[in-house]
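Trainee: I am new to this one. Could you show me the structure and take my questions as they come?
Mentor: Gladly. Here it is.

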Amino acid sequence: MKINELDFEELKGNKKNIYTHLWNKSDLDFEVQRIGKSDFSYQFEINNDIINQIGSGMANVFALNERELFLEKFRQACSGNGNEISKITTLHSSSLCSLLFFYNVTEKHPLKIGDYTFTKTVFEFKNKVIKRPSNIDVVLLGKDSKGKNVVLFLESKFSEYIIGITKANSEYKLGKSYLDNKFSKPIYIDKSILKNMKLELKENDKSDLALFSSTDKYIEGLKQMVSHYVGIRNFLNGDFYENENLSLPKGYSENSKILLGEILFDNFGRIFTEQLNSYKADYEILAKKLNEELKNVPNCKVLGTSLLYSSLKNFPTDEKVRKFYGFN
């Protein structure tokens with residue numbers, strides 16, 4: 001079925017509102033199919049399981065101008081842990097959003113964010129954390145205003161801060177190893193920081209560590225940023241995940257300014273403003289704490305505020321990408 005023929009009444013809760021706002025009455029004619037047995041979603045209908053051909057199908061769907069570059073980046077984006085192909089072909093995928101926005105950051109098509117100009121990208125970069133690596137959605141490579149190499153590790157969020165919320169007074173389990181790690185421990189034992197984010201760390205009835213909040217909160221995102229922070233600290237120490245550092249162009253894995261940040265999709269209209277502002281505020285509290293931990297670490301910082309996709313809405317050169325995300 002085509003996206004402009006869909007009736008989103010079968011979707012549930014906030015996902016229904018997200019799909020309806022972006023794609024109800026769309027004039028795009030993408031072929032899509034329903035997935036899921038009870039909590040339905042939609043994904044692009046590309047009847048193939050070969051990664052290159054799926055990538056080619058996605059390039060066709062969006063009529064992308066730079067197909068070969070997209071295919072290269074698509075293969076990178078599908079190299080992470082888990083069922084990446086299924087995730088990235090879902091309409092509300094955060095990794096798809098970052099891929100479509102940033103795949104063609106090049107010397108000829110640079111992306112300027114603040115004082116930084118980016119000309120290269122790497123997708124699904126793995127940093128060593130504790131038991132498993134952290135997969136960051138996109139790494140932007142470029143230079144600052146003084147010509148110094150800059151590496152921005154950027155986590156992308158589409159609708160997670162809306163549909164991935166932990167309900168008030170529910171637990172979010174946290175592995176005990178995070179309190180054994182020298183980088184993450186100072187974050188989780190700082191009661192004042194947790195209190196500012198309206199979080200509490202305690203043992204549950206099974207003696208497992210868990211985070212609790214008295215309000216609905218996207219705890220997963222905060223925990224993920226701490227994991228990425230641990231990964232960055234290991235990266236700075238030369239403790240790489242396997243040979244992942246070799247996927248960066250020469251000169252970027254050392255003597256560069258290292259940045260960690262997050263970008264949030266914010267074009268859902270006013271209906272989710274409260275969730276967006278709530279998570280942005282929590283991120284800022286966490287970023288301040290992480291930067292305090294980095295005060296004696298040269299050439300490294302966490303972006304103090306979340307980036308927003310709306311601030312980059314004119315960057316994609318592909319018309320169907322802008323239209324798909326409501327930036328037309």
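This is a predicted model: local features need pLDDT of at least 70, side-chain atom pairs count only at pLDDT 80 or more; totals for chains, interfaces and linings use all residues.

Trainee: What makes α9 a helix here, and how does its reach compare with the expected one?
Mentor: Helices are DSSP runs of H or I with at least four residues; strands are runs of E with at least two, and both are numbered from the N terminus. Helix α9 covers residues 219-236, which is 18 residues. The expected span is 1.5 Å times one less than the number of residues. α9 reaches 26 Å from its first C-alpha to its last, close to the 26 Å expected.

Trainee: Why is α9 called mostly covered?
Mentor: Buried means under 20% relative accessible area, exposed over 50%, and partly exposed in between (1.4 Å probe, protein chains only). In α9, 15 of the 18 residues are buried.

Trainee: Why does glycine 261 count as buried?
Mentor: Its relative accessibility is 0%, so glycine 261 counts as buried. The residue lies in strand β10, residues 257-264.

Trainee: What is glycine 261 in contact with, beyond its sequence neighbours?
Mentor: Contact means heavy atoms within 4.5 Å. Leaving aside neighbours within four places in sequence, glycine 261 is in contact with Leu152, Phe153, Leu154, Glu155, Met225, Tyr283 and Leu303.

Trainee: Is asparagine 255 buried or exposed, and how do you know?
Mentor: Its relative accessible area is 68%, so asparagine 255 is exposed. Asparagine 255 sits in the loop between α9 and β10. The residue has a positive phi of about 60° although it is not a glycine.

Trainee: Where else is there a positive phi in a residue that is not a glycine?
Mentor: Glutamate 124 has one, about 55°. That residue lies in strand β4, residues 116-127. At 5% relative accessibility, glutamate 124 counts as buried.

Trainee: Why does threonine 166 count as buried?
Mentor: The value is 13%, so threonine 166 is buried. Threonine 166 is in the loop between α6 (160-163) and β7 (171-173). Its contacts, leaving aside neighbours within four places in sequence, include Tyr172, Asp216 and Ile219.

Trainee: And why does threonine 106 count as buried?
Mentor: Threonine 106 has 18% relative accessibility, so it counts as buried. The loop between α5 (94-102) and β3 (111-113) holds threonine 106. Not counting residues up to four places away in sequence, threonine 106 touches Leu69, Phe118 and Thr119.

Trainee: What does the secondary structure of the chain come to, and why is the chain called as compact as a globular protein of its length?
Mentor: The chain has eleven helices and twelve strands. Its radius of gyration is 20 Å, close to the 20 Å that the globule rule gives for 328 residues, so the chain is as compact as a globular protein of that length. The radius is taken over C-alpha atoms, and the rule is 2.2 Å times the number of residues to the power 0.38.

Trainee: How much of the chain counts as buried?
Mentor: Of the 328 residues, 52% do.

Key. Residues are numbered from 1 along each chain as its sequence is written. Side-chain values use heavy atoms; hydrogens and water are left out.
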